[in-house]
Amino acid sequence: MFEPPMFREERVEVMHALMTAHPFATLVSCASGVLSADHVPLAIHDDASTHGFLRGHLSAGNPLAHVGEETIDVLAVFQGPQAYISPSWYPSKQEHGKVVPTWNYAVVQAHGTLRFMKDRAWLMDHLADLTRRNESHRPAPWATTDAPATFMERQLKGLVGIEIEITALSGKWKMSQNKAAADQAGVATGLLSEETEEAATVSRLVKDYAK
């Protein structure tokens, strides 16, 4: 990933926060000699390690689950908030007109080593954890124990767990850091006019990274 220094985010806790907020990742691999991309929810775990671990699961029918290797190198991409930036929001447009559209976004790339987890207890613990992460805010959260045990056993047979030890993390927060203060303020205000939650999030990040 191309990372100009002004856009680079190196704080592990900030990158982990984005990965937690946007867990649906693109998992890129080349185990069979051909690039492939799977789209799976991945849960970040600190586990007292430098970069952490990612845990997830695949359908047993996924070709990736049948590569015949114990471990493979992978890249997991987590896309955070993003928004189109109109040049009409820049005050400098009125001054000289030398402005063009761009895109603001936050993204994390996690390089790591994937190993397959076929242990039933590990997989059940992972599914329970993943469910808690996504159900805990609901008035009546669903739990894996709500389903009949025999039904869950059948479901487990169709899944393969994956655990990725993260070996390197790269973060890029492109939030108008390369613009003058007045243009940054114009972007932050212009994004709010879009009246979407994502645009409002990017507006807030533009202000944060302008400090």
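How many residues does helix 6 have, and how far does it reach from its first C-alpha to its last? Helix 6 (residues 197-209) has 13 residues and reaches 19 Å, close to the 18 Å expected at 1.5 Å a residue; that expected span is 1.5 Å times one less than the number of residues. Keep in mind that this is a predicted model, where local features need pLDDT of at least 70, side-chain atom pairs count only at pLDDT 80 or more, and totals for chains, interfaces and linings use all residues. Residues are numbered from 1 along each chain as its sequence is written, and side-chain values use heavy atoms, with hydrogens and water left out.

**The whole protein**
- You'll find six helices and eight strands here (DSSP runs numbered from the N terminus: H or I of at least four residues for helices, E of at least two for strands).
- Along the sequence they follow the pattern β-α-β-β-β-β-β-α-β-α-α-β-α-α.
- The C-alpha atoms fill a box of roughly 70 × 45 × 30 Å, taken along the principal axes.

**Inside and contacts**
- Of the 211 residues, 45% are buried (under 20% relative accessible area, with a 1.4 Å probe and protein chains only).
- Among contacts (heavy atoms within 4.5 Å) with a separation of 6 or more, 75% link residues 24 or more positions apart.

**Back to helix 6**
- A199, V202, S203, L205 and V206 are buried in helix 6.
- These residues sit on the same side of helix 6 because they cover an arc of only 165° around the axis, going by the directions from the helix axis to the C-beta atoms.
- Their cover includes strand 6 (71-85), strand 7 (102-117), strand 8 (159-174) and helix 5 (181-192).

Definitions and conventions. Buried < 20%, exposed > 50% of the residue type's maximum accessible area, 1.4 Å probe, protein only.
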